[in-house]
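Hi everyone, thanks for having me. I'd like to walk you through one residue and its surroundings, and then step back to the whole protein.

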Amino acid sequence: MKFLYFAALAASLPVFSITGNFVKDFDHPYVGLAVFYDQTGAFSHRCSGSLLTSKVFLTAGHCIAGATSARVYFQQDAGAHYDPATQHDPVSGYPDNCAPGTSNVCTTGSVLHNFGFNDFAGFPNTKDAGLVILDNSIFPGKYGKLANAASLDKLAKQRGKQDLTFTSSGYGLSLSNPVHFLSLRERLMASSQLVNLGNSLTDGFNLQTTGNPGNGKGGTCSGDSGGPVFYGPAQSNTIVAVTSFGLNSNCRGLDCSFRTDTQAVIAWILATVP
């Protein structure tokens, strides 16, 4: 089985994000665009993620892997003014710096933590979670909230009339096919529906949701890696997973996210944060 990584590489791949029936996301100001750098300080790739506190930024483990530092932008349109010729956004500073006057919505992170992601070893328990400890505090007014342990377990066997809606948030491309892609480079969000919590792809570790089915729904794509998956409608701040991988290179298939409502992940975060 071939898995599609959802990090967006600096040069070889286009930058992807929320697809389908999406809207601009102004509901989650703590969701940020994370730019990662290698040991030489060169731009390596980009992902998404969310603040749990003023300095603790949750993302995917595969975003952390291979990186030595990060910079995180919290502007809704971070990167929207990106010039392909200069490879720079003069308004936000993406991906090279924090533009003058943006210290309240942009900062670096020099401490990175990987929950244990190792090229999808141990699948489906990929341990695809990571943390960036920001060098300076960001105060967006509210933060993401981790769901209690095993919050989604009840949906695996007894769905009944319970809400099966999930909301994903991230930055970048909104259309991808073999001949064309569209990148708005803005924080976007879309809702999806639960597909499975207990098959061979999930098995209690991942959340599988509808990808890009239309009918008012949307999905995720490369560059949304690490972005939060909220349980419930758009206004929810309860994080149950981070965007991890998909099964279709055109981002038209089902989405899979690594669950953060497990005791192991919650304990790791609590033990890791300063």
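**A glutamine and its partners**

So, let's start with a contact: the side chain of Gln76 makes a polar contact with the side chain of Glu186, at 3.1 Å. Before we go on, please keep in mind that this is a predicted model.

Where does Gln76 sit? It's in the loop between β8, residues 69–73, and β9, residues 106–114.

Okay, is Gln76 buried or exposed? Its relative accessibility is 12%, and buried means under 20%, so Gln76 counts as buried.

And which residues does Gln76 touch, if we skip its neighbours within four places in sequence? Those are Lys24, Asp25, Phe26, Tyr171, Arg187 and, once again, Glu186.

Now follow the chain back to β8. This strand is mostly covered, with four of its five residues buried. β8 pairs with β5, residues 31–37, in the antiparallel sense, over five bridges. β8 and β9 run antiparallel too, joined by four bridges.

Let's zoom out. How many helices and strands are there in the protein? We've got three helices and 18 strands. Of the 274 residues, 53% are buried. And if you take the contacts with a separation of 6 or more, 70% of them are between residues 24 or more positions apart. Last one from me: the accessible surface comes to about 11100 Å², and carbon and sulfur atoms account for 53% of that.

Conventions. Residues are numbered from 1 along each chain as its sequence is written. This is a predicted model: local features need pLDDT of at least 70, side-chain atom pairs count only at pLDDT 80 or more; totals for chains, interfaces and linings use all residues. Side-chain values use heavy atoms; hydrogens and water are left out. Helices (H or I, at least four residues) and strands (E, at least two) are DSSP runs, numbered from the N terminus. Buried means under 20% relative accessible area, exposed over 50%, partly exposed in between (1.4 Å probe, protein chains only). A polar contact is a pair of N or O atoms within 3.5 Å; within protein, one must be able to donate a hydrogen and the other to accept it, and residues adjacent in sequence count only if both atoms are side-chain atoms. Contact means heavy atoms within 4.5 Å. Accessible areas come from the Shrake-Rupley method with a 1.4 Å probe; for residues, only the protein chains shown count as cover. Two strands pair if DSSP finds at least two bridges between them.
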